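Student: I would like a close look at one part of this model. Please take me through the charged pairs.

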Amino acid sequence: VQWYLNGHWNFLPDWELDAQYFWVGSRKRAAGDSREDVQDYSLVNMTLRRREITQHLDAVFALRNLFDEDIREPMTSDIPYDIPMESRSMYVELVYHF
């Protein structure tokens with residue numbers, strides 16, 4: 001089961017804030033895998049965007065996995081602790097338009 005919410009807010013001229021919320025749960029192991037089911041998780045991402053810092057330049061600041069959740073995707077028992085997903089991370093992006 002998965003849920004996804006996305007909020008977008010233009011709070012000043014040329015400024016935008018995006019928030020994403022993901023919930024993933026009720027994931028079962030493959031038949032014959034005796035390990036406990038993979039834990040449910042919530043994931044929050046935030047993105048702040050500023051358009052036209054200068055005539056042709058935009059900037060983006062993004063936070064992924066804001067609350068640093070331990071997120072794992074299920075894998076066969078060959079990988080005993082499943083596949084770890086990205087921990088908290090930050091990105092800065094500059095976009096030049098011409």
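Student: Start with aspartate 14: is it buried, partly exposed or exposed?

Tutor: Aspartate 14 is partly exposed, at 40% relative accessible area. Keep in mind that this is a predicted model. The side chain of aspartate 14 forms a salt bridge with that of arginine 50, with N to O at 3.7 Å. Aspartate 14 sits in the loop between strand E1 (2-12) and strand E2 (15-24), while arginine 50 belongs to strand E3 (residues 41-54), so the bridge ties together parts 36 residues apart in sequence. Arginine 50 is also partly exposed, with a relative accessibility of 23%.

Now take the pair of glutamate 73 and arginine 27. Their side chains meet in a salt bridge at 3.1 Å, N to O. Glutamate 73 is in strand E5 (residues 72-73) and arginine 27 is in the loop between E2 and E3, so this contact links parts 46 residues apart in sequence. Arginine 27 is buried, because its relative accessible area of 12% falls under the 20% cut-off. Glutamate 73 is partly exposed at 24%.

A further bridge joins lysine 28 to aspartate 37, where the closest N and O atoms are 3.5 Å apart. Lysine 28 is exposed, at 63% relative accessibility. Aspartate 37 is partly exposed, at 39%. Some bridges share partners: Glu16, Arg49, Arg51 and Asp58 are joined this way into one network. Across the whole structure, the search finds ten salt bridges.

Conventions: Residues numbered from 1 in each chain as written. Predicted model: local features only at pLDDT ≥ 70, side-chain atom pairs only at ≥ 80, totals over all residues. Heavy atoms only, no water. Salt bridge = Lys/Arg side-chain N within 4 Å of Asp/Glu carboxyl O. Helix = DSSP H or I, 4+ residues; strand = E, 2+ residues; numbered from the N terminus. Buried < 20%, exposed > 50% of the residue type's maximum accessible area, 1.4 Å probe, protein only.
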